[in-house]
Amino acid sequence: MEAIRERIALAPGTRLPSIRQLAENLRVSKSTIVEAYDRLVSEGAVEAKRGSGFFAAARLRPFRLKDPGFQLDRAIDPLWIMRQALTSNATFQPGSGWLPDDWLAGDMLRRVLRGISRDEQANLTAYGSLQGYLPLRKQLARRLNARNIAAEPNNIFLTDSATRAIDIICRFLLQPGDAVLIDDPCYFNFQYMLQAQRVQTIGIRYTPNGPDLEQFAAACVEHRPKLYLTTAVLHNPTGANISLSTAHRLLKLAEVHDLVLVEDTIYADLESRSSPGLAALDGFERVILAGSFSKTLTGAARCGFIVARNDWIEGLTDLALATSFGTNDLTAQATHRLLLDGSYRGHLEALRPRLARAMAFTIEQLEHLGFELWIRPECGVFLWAQLPDQLDSADIAIRALERGLVLAPGNVFSVSQTANHFMRFNVAQCANKKVFDLLGEVLKP
C-alpha cells in the first residue's frame, strides 16, 4: 500500500500498474496486490474502472486528519464533562460517570460474542422483535421480581441505552411547553434531553432523603407538570437513596397532581442491598422504569430497557419503531447470556467490594484536602463534596485540565446554578493517589 501511495503522490489521476505487473515488481503474491488495491479503493485513494484497471484518485483526501483536540476555554455547560472525558487526552477522569475499562467485563464479552458467532441459531442478520429479544425480557422480569418490582416480559421494552429509553419516554408523554420536574442537582444530561424536547424544566432541591417535598408540592400547584424525572437509587450526582417515607409521600403527590414519575435505575445493580426506589411501591401505575447495563457491563455494546404498564408499552414500541426501526438483537443476546450463565452476577459480586474500598480511599483523600462531604453513601460510585475555602468548582475544573485531570464542577448538575462550590467524584476513577496529588496542586492559590 505504501508503494502504491508513492506512485499516487507522484502522478495523481494516472493509470496504476496491473496486479500481475506490480506483483512481479514488488515480489509478492497477486492476492497481496489485490488486497492492497481493495483497501486503497475503500480509502478513496484509488479508483477501480472495470475493464481498464486501477487509477490514482484525482482528488486525494488526507490520509491522516488532524485531531482538533479539545477546547480549554469552552463554556462549562451541562455537557462539558462528557465532552472533556470523551475528547481530551487527560490521564485521570475522576469527574466522569463510568467505570475504568479494566473494571468492566471485556473478557466475558469476548467469550460470549465468540459463542454467539458460532451459534447457528443466534440472530446475526435479521431485525429484532417488536419489544426486543424475548429471552432477555424474561430474564429482566425475573431480576426485577427479585427486587420486589412486579414486572412481566410484556411490560418490558428493550432499547439501546437508558438515555435512549428516557428520550423515547419523553417523546411519548410530553408536548413542547409542558413542565417537567427534575432534581437540583441531577444527572447533567437530563437537562439537555429535556431541552431537546422543548419543555420547561423546574428544579426541585434534592435532600439526603430525596426531593424536597414542600417545594415539590408547590411546583405541582404552580406549574402543573406532566412528569418528574429522577434517579431514586444511588442518585447521580449525590449518591443518596430516596427514603421510604419520602417515596410514599411522593407517590401520593403524584396521584393528587396526575403526575408520571420516571425512575432511572442505571446504578441500582451496584447496591449491596436493594433499596425500594419508586417502582417497587407503585406497581407501574404512575412510575416508568428506565435502566441499562452501560455503567456496569460495557459502554460499547449498549443495552437498555423500559418497564411500564401495558397500555404505555404499546405506544412506546410504536414510537421506537418509527424512530429507530427496532432494537439491537446482537447486544441483547450477549447481555442475556451473561445474565443466564451467572457471569454478570459474579462480575457484580467482585465489583461491589472493589467500589467500597475505592469509596473509603476517596473519602479519606478528599477530607485530607479539606473537602466537606454532602453525605457518606453506603455504596455506589459517586461522592458529592464541597470544596474548601469556598473555591469555585468551574475555575478549579478548568485549571485541572491543564494537568490532565477531568473534574465534574457542580453547576453542570444544577438547574438553579447554586452548586458552584461542589464537585462530583467517581470513586472508581480515583483509585490512583496521583489524582489527589494533582488535585492538591490545583487547589493551591
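Phe 216 and Tyr 228 are both buried (under 20% relative accessible area; exposed is over 50%, partly exposed in between; 1.4 Å probe, protein chains only). The model is predicted: local features need pLDDT of at least 70, side-chain atom pairs count only at pLDDT 80 or more, and totals for chains, interfaces and linings use all residues. Residues are numbered from 1 along each chain as its sequence is written, and side-chain values use heavy atoms, with hydrogens and water left out.

A search of the whole structure gives 13 aromatic pairs. Rings of Phe, Tyr and Trp (its six-membered ring) pair if their centres lie within 6.5 Å; planes under 30 degrees apart count as stacked, over 60 as edge-to-face and the rest as tilted. Phe 216 and Tyr 228 form an edge-to-face pair, with 5.0 Å centre to centre and 85° between the planes. Phe 216 lies in helix α9 (residues 213–223) and Tyr 228 in strand β7 (residues 227–230), so the pair ties together parts twelve residues apart in sequence. Helices (H or I, at least four residues) and strands (E, at least two) are DSSP runs, numbered from the N terminus.

The rings of Phe 361 and Phe 436 also pair. Their centres are 5.8 Å apart and their planes stand at 75°, so this pair is edge-to-face. It links distant parts of the chain: Phe 361 is in helix α14 (residues 343–368) and Phe 436 in helix α16 (residues 433–443), 75 residues apart. Phe 361 is partly exposed, at 24% relative accessibility. Phe 436 is buried, at 3%. Elsewhere, ring pairs join Tyr 187, Phe 188, Phe 190, Trp 384, Phe 413 and Phe 422 into a cluster.

Charges also sit over rings (NZ of Lys or CZ of Arg within 6 Å of the ring centre and within 35 degrees of the ring normal). The charged end of Lys 49 sits over the ring of Phe 55, 4.5 Å from its centre. The charged end of Arg 309 sits over the ring of Trp 312, 3.8 Å from its centre.

Side chains of opposite charge can pair when their charged atoms come close. The count comes to 18 salt bridges (a side-chain nitrogen of Lys or Arg within 4 Å of a carboxyl oxygen of Asp or Glu). Arg 143 bridges to Asp 269, with the closest N and O atoms 3.2 Å apart. Arg 143 lies in helix α6 (residues 134–146) and Asp 269 in the loop between β8 (260–264) and α11 (279–282), so the pair ties together parts 126 residues apart in sequence. Arg 143 is partly exposed, at 25% relative accessibility. Asp 269 is buried, at 13%.

Arg 164 and Asp 167 form a salt bridge, their closest N and O atoms being 3.4 Å apart. Both residues lie in helix α7 (residues 162–173), three residues apart, about one turn of the helix. Both Arg 164 and Asp 167 are buried. Salt bridges with shared partners join Glu 2, Arg 5 and Glu 43 into one network.

Arg 20 and Glu 24 are four residues apart in α2 (residues 19–26), separated by about one helical turn. Arg 20 is partly exposed, at 48% relative accessibility. The axes of α2 and helix α3 (residues 30–43) come within 9 Å and cross at roughly 115°. Axes are lines fitted to C-alpha atoms, for helices over the stretch in contact, and angles run from 0 to 180 degrees between N-to-C directions.
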